[in-house]
Amino acid sequence: PVLDTEDAWVSVEGPVSIVELALEQKRVHYPLVEHQFVLCTILYAIMRFSLKSVKPLSLFDSKGKNAFFKDLTSIQLLPSGDMDPNVLSIRQQFLVKVVSAAVQTLCSSQKAKEVSEEELFPFEKGKNWPTLAVDLAQYLQISEDVVKRHYVCELYSYGMDHLGEE
């Protein structure tokens with residue numbers, strides 16, 4: 001981009017402006033940033049719902065694991081469309097656990113105190129975990145329908161029929 005500056009600023013001496021420093025930075029490889037985002041979301045879900053016996057790196061193949069430890073500006077080989085069925089099975093089990101934990105947390109708190117979701121998760125206002133799990137399924141190459149069906153089944157099993165119908 002071309003930066004137009006006024007004549008008065010041209011003769012100013014001092015440190016380089018933050019805009020010029022930002023323009024000199026290397027461009028990041030966006031798919032690698034997305035890959036890191038998926039890992040962060042997985043780690044946050046594990047922490048938020050205290051999911052036991054989940055190994056986050058087991059949700060990725062060898063290319064995916066190697067990509068985590070590379071510079072974000074480097075172009076890395078990321079997992080392709082062909083995935084190991086065992087990894088896909090582990091991913092699906094993880095997403096099912098997240099949805100189950102989210103529904104269980106929501107239903108148990110509403111039955112105990114009749115509190116709203118915003119009061120239960122004050123720092124997660126507007127964060128819908130089942131919807132996030134469906135979005136995550138797309139990145140993890142899992143059928144979104146499997147996650148949605150499990151969500152509806154969980155709602156019905158906890159007596160939240162009105163939400164299950166929606």
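This is a predicted model: local features need pLDDT of at least 70, side-chain atom pairs count only at pLDDT 80 or more; totals for chains, interfaces and linings use all residues.
In soluble globular proteins, nonpolar side chains tend to be buried together.

F94 is placed in helix α5. Its relative accessibility is 3%, and F94 therefore counts as buried, the cut-off being under 20%. Not counting residues up to four places away in sequence, F94 touches I42, A45, I46, L51, V54, L59 and L136. For L140, leaving aside neighbours within four places in sequence, the contacts are V38, I42, F60, L88, R91 and L95.

## Overall make-up

The protein has nine helices and zero strands. Read from the N terminus, its elements run α-α-α-α-α-α-α-α-α. There are 166 residues in the protein, of which 29% count as buried.

Contacts in the protein between residues at least 6 apart in sequence can be sorted by separation: 69% of them join residues at least 24 apart.

## Packing of α3 against α7

Helices α3 and α7 pack with their axes 11 Å apart, at an angle of about 145 degrees. Their crossing is left-handed. On the α3 side the contact is made by E34, V38, T41, I42, Y44, A45 and R48, and on the α7 side by W129, L132, L136 and Y139. By class, the residues of this contact are eight nonpolar, one polar and two charged.

T41 belongs to helix α3. With a relative accessible area of 9%, T41 is buried. Apart from neighbours within four places in sequence, T41 is in contact with L132 and L136. L136 is also among the residues that F94 touches.

## Packing of α7 against α8

Helix α7 covers residues 129-139 and helix α8 covers residues 144-157; their axes come within 8 Å and cross at roughly 160 degrees. Angles over 145 degrees count as roughly antiparallel, so α7 and α8 are roughly antiparallel to each other. The crossing of α7 and α8 is right-handed, whereas that of α3 and α7 is left-handed.

From α7, the contact with α8 is made by P130, A133, V134, A137 and Q138; from α8, by E144, V147, K148 and Y151. These residues divide into six nonpolar, one polar and two charged.

H150 lies in helix α8. Its relative accessibility is 19%, and H150 counts as buried because the cut-off is under 20%. Leaving aside neighbours within four places in sequence, H150 is in contact with V96, V99 and S100.

Key:
Residues are numbered from 1 along each chain as its sequence is written. Side-chain values use heavy atoms; hydrogens and water are left out. Axes are lines fitted to C-alpha atoms, for helices over the stretch in contact, and angles run from 0 to 180 degrees between N-to-C directions. Helices (H or I, at least four residues) and strands (E, at least two) are DSSP runs, numbered from the N terminus. Angles under 35 degrees count as roughly parallel, over 145 as roughly antiparallel, 65 to 115 as roughly perpendicular and the rest as oblique. A crossing is left-handed if the near helix is turned anticlockwise from the far one by less than a right angle, and right-handed if clockwise. Contact means heavy atoms within 4.5 Å. Ala, Val, Leu, Ile, Met, Phe, Trp, Tyr, Cys and Pro count as nonpolar, Asp, Glu, Lys and Arg as charged, and the others, Gly among them, as polar. Buried means under 20% relative accessible area, exposed over 50%, partly exposed in between (1.4 Å probe, protein chains only).
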